[in-house]
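Reader: I would like to learn how to read contacts in a structural model. Please take one feature at a time.

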Amino acid sequence: MYRFLLTPRWWGINVFAVLAIPFCIFMGSWQLSRFEDRVDTHQQQEDRSARARTAAARPLERLLPVDKVTSGRQASARGHYDPGHQLLVPGRTLKDKHGERQGFYVLNLLRTDGGKALPVVRGWLPGDAGAKADTAKVPAPPKGEVTVTGALQASENQGTDGVQAGGGLAPGQLGMISAASLVNIVPYEVYDAWITLTDAQAPLRAVPPAAAEGSGLDLKAFQNLGYTGEWFVFAGFVVFMWFRLFRRDTEAAKDAALGIVVGVEGEGREQGQGQGQGQGSGVVASPGEDGSGRDEGSGDGQGKAARAGKV
């Protein structure tokens with residue numbers, strides 16, 4: 001009954017199922033491990049951020065380059081602010097008790113003793129960076145040599161929230177905090193990092209540090225979880241289709257063993273037999289010589305009438 005499993009068609013179906021099911025399970029497990037890694041990394045980053053808030057600040061040079069471990073750590077640097085290159089970073093939101101509010105960052109460049117400049121976000125203000133009424137509230141940076149302390153952050157890129165990489169900004173505004181965007185604005189070298197001050201000068205509000213790229217539960221993490229479900233669904237679909245085809249061919253084999261033939265040829269034969277029976281036993285009306293209709297029966301009926309006349 002199951003000899004159909006040895007046909008070339010079923011050899012192909014079985015080979016496909018044997019290869020596809022483990023592959024789908026492997027891919028689903030891999031996507032699930034990616035999601036779990038992101039969850040673990042996110043938890044580790046939160047733990048490091050919590051420790052960094054209470055840990056003593058370390059010199060900037062000891063924490064460079066910025067990576068997932070040093071991102072968010074308290075860094076300190078000494079130098080003096082460049083008053084001629086104060087920049088506003090528009091389109092930045094900050095959460096408070098009233099929810100998310102739109103505003104802008106206030107960024108100044110700290111000329112360190114080493115010669116390079118460190119971008120320092122002194123704080124955030126609500127409002128529009130292009131409105132004079134809002135920008136008039138920005139306090140002047142401290143004069144003279146100062147020591148700043150804040151959370152170390154990696155340079156932003158086009159995928160960072162709030163970044164405006166398309167250009168078209170007014171003079172004195174910056175769309176992305178990075179050394180690449182500052183190199184054409186200032187005439188000196190800039191660190192490939194920036195810090196956000198822990199204590200902001202009133203009326204500025206301190207900007208909380210952002211999680212390192214690739215360490216948070218962002219959209220990509222939940223995409224991995226969605227892909228996990230899709231691969232397992234694919235594996236289940238392959239199993240379902242195999243059993244469906246197997247059941248169909250098994251029932252067909254049983255019908256063939258019982259002599260039941262179902263197909264186009266069988267249907268045509270049954271239809272031909274029905275038409276032949278209808279033509280052999282039908283009654284045909286033909287016109288007579290006087291124009292009246294005369295019924296002609298079958299051959300058996302005419303024979304019976306002739307024998308009755310003879311008697």
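Author: The turns below go through aromatic pairs, salt bridges and strands. This is a predicted model, in which local features need pLDDT of at least 70 and side-chain atom pairs count only at pLDDT 80 or more, while totals for chains, interfaces and linings use all residues. Residues are numbered from 1 along each chain as its sequence is written, and side-chain values use heavy atoms, with hydrogens and water left out.

Reader: How many aromatic pairs does the search find?

Author: Rings of Phe, Tyr and Trp (its six-membered ring) pair if their centres lie within 6.5 Å; planes under 30 degrees apart are stacked, over 60 edge-to-face, and the rest tilted. The search of the whole structure finds 9 such pairs. In one of them, the ring centres of Trp-10 and Trp-242 are 5.8 Å apart and the planes stand at 85°, so this pair is edge-to-face. Trp-10 belongs to helix α1 (residues 8-54) and Trp-242 to helix α5 (residues 219-257), so the contact ties together parts 232 residues apart in sequence. Helices (H or I, at least four residues) and strands (E, at least two) are DSSP runs, numbered from the N terminus.

Reader: Is Trp-10 buried or exposed?

Author: Buried means under 20% relative accessible area, exposed over 50%, and partly exposed in between (1.4 Å probe, protein chains only). Trp-10 has 1% relative accessibility and therefore counts as buried. Trp-242, at 23%, counts as partly exposed. The ring of Trp-242 also pairs with that of Phe-246: their centres are 5.3 Å apart and their planes at 5°, so this pair is stacked. Trp-242 and Phe-246 both lie in helix α5, 4 residues apart, about one turn of the helix. Phe-4, Trp-10, Trp-242, Phe-243 and Phe-246 form one aromatic cluster.

Reader: How many salt bridges does the structure hold?

Author: Side chains of opposite charge can pair when their charged atoms come close. A salt bridge here is a side-chain nitrogen of Lys or Arg within 4 Å of a carboxyl oxygen of Asp or Glu. The structure holds 5 of them. Asp-249 forms one with Arg-9, with the closest N and O atoms 2.9 Å apart. Asp-249 is in helix α5 and Arg-9 in helix α1, so the pair ties together parts 240 residues apart in sequence. Asp-249 counts as buried at 14% relative accessibility, whereas Arg-9 counts as partly exposed at 41%.

Reader: Which helix holds both Glu-251 and Arg-247?

Author: Both lie in helix α5, 4 residues apart, about one turn of the helix. Glu-251 is partly exposed at 40% relative accessibility, and Arg-247 is exposed, with a relative accessible area of 58%. Salt bridges that share partners also join Arg-9, Arg-248 and Asp-249 into one network.

Reader: What joins β3 to β4?

Author: Two strands pair if DSSP finds at least two bridges between them. A hairpin joins β3 to β4 through 2 residues, and 9 bridges join these antiparallel strands. Thr-93 has Gln-102 in β4 as its bridge partner. Strand β3 (residues 87-96) is mostly covered, with 7 of its 10 residues buried.

Reader: Which strands does β2 pair with?

Author: Strand β2 (residues 74-81) runs parallel to β1 (residues 58-59), joined by 2 bridges. With β6 (residues 145-154) β2 runs antiparallel, through 7 bridges. With β4 (residues 99-112) β2 is again antiparallel, through 3 bridges. Ala-75 stands opposite Arg-58 and also opposite Gly-150 in β6.
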